Each structure stands twice: as structure tokens, then as C-alpha cells.
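Here is a short walk through the model, one selection at a time. Please open the structure in your viewer and follow along.

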Amino acid sequence: MSGAAGPGPPVGPGRSPLPCAPRPAAALQLSGGTEPARPGVAVIDLRFPRGAAADVQEIVFKNFYTAFLSVRVQRPGPSGSRRWVTCLRDLCLMPCPHTEQGAQDYFSLHRHQMLCDMDQVTAVRFILRQPSPVWLHFTIEELQIFPAGQKSPQKDFPSWLSQLTPPEQPASLHGELPDPEKVSTEVQQMWVLTEVIRARQAAARIGRFDVSPTTPLAGLQPRRITGGASWRGYS
Amino acid sequence: MLDPDSGLSLTIARIVQRLKGSSLHSQLERQARVSLHKPEIKLESLKEDIKDFLKTSGWEKKLQNAVYSELNVFPSPCHPAAPPEHMKEPLAYMRKAQGSWEKRILKSLNSMCTELGIPLAQKRPVSEQKELLNKWNEMGTDEPDLSLFRPVYAPKDFLEVLMNLRNPNYENGEQPSFRNHLGLIQVPLKVKDIPELKEDFSELGLNIGQLGIDDSAQVPPEFFENEHVRVGQKVLAEQDSAAAQQYVRQGCPTALRADLWALILNISNQPEDILYYEQLKSNVIQHNLLVDSLIYKDVKLTASNDDYYFVFEDYLYQVLLCFSRDTSVLEHFTYSSATPPKSYIRGKLGMEEYAVFYPPNGVIPFHGFSMYVAPLCFLYHEPSKLYQIFREMYVRFFFRLHSISSHPSGIVSLCLLFETLLQTHLPQLFYHLREIGAQPLRISFKWMVRAFSGYLATDQLLLLWDRILGYNSLEILAVLAAAVFAFRAVNLMEVTSLAAAEVRISFVWRRLK
């Protein structure tokens, strides 16, 4: 299991992080110095076991007082030999390094944010920078690397969000009545929807009395009222 | 840090989940069903026709207001990997500090309970219930013996805790250095400086009219006041929460304030809300909580002694006693750094099935708590509406003033903002007060914790609370506190002790009243 320090966070269903063994953050030292200085730069090296290569989809971690993060990956170059490429340069984790903003937040790095391809990666190097001298330690924790090709985690979406129905064409009424077969199928669809709504229990508190489940009709559920022209985009 | 797209979808899903099954949802369905009888609704374009109907009849606006209210109250969703306590408070050491502060409060409450031999909760005998029901509108005439009760904590105790708050990862050397703050707060939170505040509070600029200043007798009303009142009436007619929130940033006309605040907080006093309040009232009548005595004591000590608020004593009991029993307040603990205290049924200590939150709303009142309600009594006369407004204001704003958190509107950030503003713009005054042992925060802390209630005159206080609602932030309290010091700066440079500074500053309230 991955994780630089402490147990990893719970992983969503359908996703499993790649096994890797990151070494703890090593601060950069100047050669010849007598006392250990606090250089404000640390490096975390991560290699996949048994020299395996993986396609990286997402990197998730918890910050601990790191201000800037650069990421380099080792991947096969055009000539076939492996070389190090910078895929993320100086990502700002703490907008104001002397203050606590962003200091203990969770971050996600996706492959589409990276400067280079994240295929066939054999090693990852995290370069942490904290220019402010007020912090005693800085590192990143709960490091998890997710390979490509997995379903993105099923966040708490109700199923209807992913099943948007296509826009329907209203029936043409030129000179003839609508087809009764069509009308009956449409009414059937609406009936099925009402049954689904009735079966679903609401979590919200309604108040003292239970409201009897009224029969909603298609098109009334709040999802249909999308941000139209009148919304005015208040933040 | 979330992807903007996934963050938006999560927000939408969360809001829909919360609104689904609410009374607004069932009302929308009922309206849509009723609309089927109208001739303009056709079967082929059912969806579009009903949508248009809802838009023209104002129901879509109500839904927009509800969504806007949800967006304002709940913080944006966290990263999916973040545990729930991260949403309450991202910094681990602050969570720990809040936990130990809560333990201290509970210890104090429990020891008072054991000393006095009074149970935390007990059922009232029927005769007492009848008596209380008869006296419900005049509970102020009751004179119970409260001499043995004392408030669980006062703002100055809380200030001591905040002064000792330290980040273990921060270099807190004993030698004065650039790392140590000159004020009382030693945590390095990000606070805004004047240019950022100017940008955020741009509607408070000198070139923009404000009620309370530009509507005084010397200024002809055509310049600002008439137009502003007209716009306010239009906003009320449109029933748009977001527009109302924008409008009150320049102050609210007294005649429109009650309705505008209810619109911003999305309170509409439906029959089910009145019924809910009546249910809470019956809970008060049936059971007696120890917290009730604390509330009585607090009201008697603070609001009853205030020249402006003593007339509302009965209302305060009616609101606060019901507030203690309202379990819907527990919802705000998902985004508050505090945790409600748990208590166990007698004899079942430690068994989770017998655990209840005590008090039922999870909030233990402190000395001065009733001052949050008192100014609202000027606006609302119906107890159920007054109650709902207070509850909404508490779960949006006031809870941040007595819990330890890193939120920009939390009391820790407000204190740091106050001290930083004072140091940056009045360095001589700050240095002088520090040298005589009168750290400015010791004087202004109680003002900010009470949101200036009891210090500012009511009309000015309501103008201040207009801006709190308008900007959805409490930072203005820190700015006002610094401004008060700036106002009396010359006077304060002459004092030589903390007590003298307190006295000199207190003249401000008499002058401003």
C-alpha cells in the first residue's frame, strides 16, 4: 500500500492505488556544511516495485505545509533509454507561504494537467519547496497514485445525472390528431417515473406532518430547471 | 483542490439532494399538478409549458432563492479523499484545540450539575406544565432562584484559550522575532489587508451612498435616499434573494428591513414552520433542562439590564428555550469546527444506543448569548418568525464567533484581522497600548464575540448586521473594531493602564448611542 506517512485515506469504490514504496522526504543538503541546515527543499522518490511501469491517471495527496510542488517522472525516451522529464513545475499549494492557507488541504493531480505524457512511468520524484522559514517541517502525506484505465470514482451522484435524456421533439399537429399509441407510451413513461419517485425516500426533514407522496409529472423535478437566462450567475 | 467541473457537479448533486423532499419540492409538485387545469398547458409540450408556468407564477424564483440559500450556507465540497472532519476544520491542531475547549466547558457544566444536584433534564409535573403554559407570554415575571447558577463561560475565558493557541509546526521561539506576532493571537492565519478589504467591500466606498449616513436630515433625500428606498421596494416585489443580498450592502430602510432579511435568509413562515415552533414550545413545557436555568440567568444578567432590550425579555425566553430543543440546529455541525456534546441516559453511561445530544441542539449558551437574539426583537413580533430568523442567523454567522476555527469569518481570524489592521495603520497607538499592558484585543474581543450587540445603538447595530448579511461575512466586525480604536486614538494615547483604556473607550458607546 502506498502512503508516505500514516494510513492512506479510504479509497472510493472501483479505484485502487498502485502499490509503491515512497521513501520519506529527504531535505537537500549542501556538501561541506557543518550543521544540518534547513534548505526549504525536500525530495520524495517513489519507485514501483520490481521495476514495473505504469500509466498514471491521477495522483492524490494531503499537503503538510509544502508551498510549491514540482513533479518529475522517469519514462522511456525516444531512444529507448529511460530519462527524467518534468511533468509539473512549481504548482502552488499555499498561496501565501507564511500563512496557513492550503497548508493541510487535499490535492489531486490529473494526467491532463501534466506537461508530458504519463505513460510507462517507472519512477516519480516529488520536489517540495517551502521558502518560508517559519515552519519546522514540511512534506506531503497520504500519497496515492492511481493508474489509468480505471473507472473514475462513483461520487455520490444519483443515477439520473449520468443519464441525461435527449431532447424530445414535440409531435406535429398539422391537420391530424396525435397518434394514440404514441400518447399512451408517453403516459406510460411518465407513470414509470412517478413510481420511481414514489419509491425513493427523501432525506430532508419535511416538518411535523408527513406529506403524502403526490404524483409528480415528468419535467417537474428540479433537475430540469437548469441555469437559464434568468439565473444571472450569482456566485 | 478539486477540478472545477467535478466540483460543480458535486455541488449540484448536494443541493438537489437537500432540496428533494423538502416542503418546497412538494409545493412545486402541487403547483404543477394544479396548473394542469389551465388551458395553456398542452400535453405535447407538457414539460416546457409547466416550466413556463412556474416561471411566470414566481415559483421558479422561490426555487432559485432556495438554491442560493444552500450555496451561501454550505461550504464548497471538499476533495473526495478528505474525511468529514476536514470539512469542519482543515487544520488538525485547531480541531484538537476546539476539542479540549469543549471538554473544559462540559467539565464545568457537569460539576455545576453535580454540585447543585440538579439533573440535566427532567419531565415537568402536570401542574407545573399547566402553570408554564399560562405564563408563556410573561415568563419574565417569574423570579426563580438562580443565585447558585453561574454561566458556563464568559468571552474572556474564551480569549485566554485563543491566546494560548499554537501551531506545533510553527517556530514559536520565546525571543521576539519576526515570527512572533505582536498581538495576542499567535497563529499565522491569512487575513486581508486594506487593499483587499477595499476590493471586497467595494460598495462601502466613499463615493457610494450609504443609509445611516447619506440619509441624515442635512442631506436632501433626492440625492440618495428616495432612489434607494424605491429600489428596495422593487427588490421586495421581485422576491429575489440574491438581489436583496446585494441591495442591503448599502444599508436597508427600516420599513423594509424585516422583509428583506427574511428574503435573504429564505424564511417564509409557512404553516409547517409555525407548527414546528409550536412543537418546540410543547417540548419546553413538558421537559425542564438544566440549560434553561442558564438561559434564564443569562437573560437576567445581560438583556434585562440593557436600556434598549429589557422590554423584550419575554420574547427572549420564548426564542432561546425553544432554540435549545431544536434538533435541526445539529445540521450546522457538519461545517462547524465544534461537536455537539453527548450525554447518556441514566445508568447507561458509555452505551452508544443510549446516547443523546445535550442540549438537544448541541449548543451550550455562554454569558451574553441572549444578546444575539435581542436586536432581532425590534424587527419581528411573531415569535415563530423571530425564532426562525434567529436560528438561521445563528447557523450562518453567530456560531463562528464562539468556536475555534481557521475560517476567514471565524473569531480567530477576526481577532488577527483586528490586530493586524491596528498594527499596520496605528502603529504608535498599538505600541503604546502594548507597553502599558493594555493589548487592544483584550478590549475589543467582547465587542466582536457579541457582534457589537449591547454596545452599538440598535439602529446602528442593525445597519451593521445589514452588511453582515449583505457580504455573508463577519470580517466587518474586525474592521469596525479597528475603526473605533482609530476614532479614539488621540484619547487613548494618554491612558496609562488597561482599566483607564477600557473607560475611555466605553465613552464611544455612549457618544454613538
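Select B:Asn472, which is partly exposed with a relative accessible area of 25%. Here buried means under 20% relative accessible area, exposed means over 50%, and partly exposed lies in between (1.4 Å probe, protein chains only). B:Asn472 sits in the loop between H20 and H21 of chain B. Its phi is positive, about 55 degrees, although B:Asn472 is not a glycine. Most residues other than glycine have a negative phi, and most peptide bonds are trans.

Some housekeeping: this is a predicted model, in which local features need pLDDT of at least 70 and side-chain atom pairs count only at pLDDT 80 or more, while totals for chains, interfaces and linings use all residues. Residues are numbered from 1 along each chain as its sequence is written, chains are lettered from A and ligands numbered from 1 in the order in which they are written, and side-chain values use heavy atoms, with hydrogens and water left out. Helices (H or I, at least four residues) and strands (E, at least two) are DSSP runs, numbered from the N terminus.

Next, pick B:Phe452, in the loop between H19 and helix H20 (458–471) of chain B. Is B:Phe452 buried or exposed? It is buried, with a relative accessible area of 0%. Phi of B:Phe452 is also positive, near 65 degrees, in a residue other than glycine.

Now show H19(B) and H21(B) together. Their axes are 10 Å apart and the packing angle is about 135 degrees. That makes H19(B) oblique to H21(B); angles under 35 degrees count as roughly parallel, over 145 as roughly antiparallel, 65 to 115 as roughly perpendicular and the rest as oblique. Axes are lines fitted to C-alpha atoms, for helices over the stretch in contact, and angles run from 0 to 180 degrees between N-to-C directions. To see the contacts (heavy atoms within 4.5 Å), display B:Pro440, B:Ile443, B:Ser444, B:Trp447 and B:Met448 in H19(B), which meet B:Leu477, B:Ala478, B:Ala481, B:Val484 and B:Phe485 in H21(B).

Move on to helix H17 (residues 411–425) of chain B. Because 11 of its 15 residues are buried, H17(B) is largely enclosed by the rest of the structure. Among the buried ones are B:Ile411, B:Cys415, B:Phe418 and B:Glu419. The buried residues of H17(B) pack against several helices of chain B, including helix H6 (92–116), helix H18 (427–435), H19 and H21.

For a cis peptide bond, select B:Tyr358 and B:Pro359: omega between them is near -10 degrees. B:Pro359 belongs to the loop between strand E4 (355–357) and helix H16 (383–396) of chain B.

Finally, switch to chain A. Strand E4 (residues 68–76) and strand E5 (residues 82–92) of chain A pair in the antiparallel sense over 8 bridges; two strands pair if DSSP finds at least two bridges between them. A:Phe68 faces A:Cys92 in E5(A). The two strands form a hairpin with 5 residues between them, and A:Gly80 in the turn has a positive phi of about 100 degrees.

Also in chain A, look for the open sheet of 3 strands in the order E6-E3-E8, with antiparallel pairing. Strand E6 (106–110) and strand E8 (139–147) of chain A stand at the edges with a single partner strand each, so one side of each has no neighbour in the sheet. To find the pairing of strand E3 (residues 56–64) of chain A with E6(A), which runs over 5 bridges, select A:Val60 and its bridge partner A:Ser108.

Note on methods:
Expected span 1.5 Å × (residues − 1).
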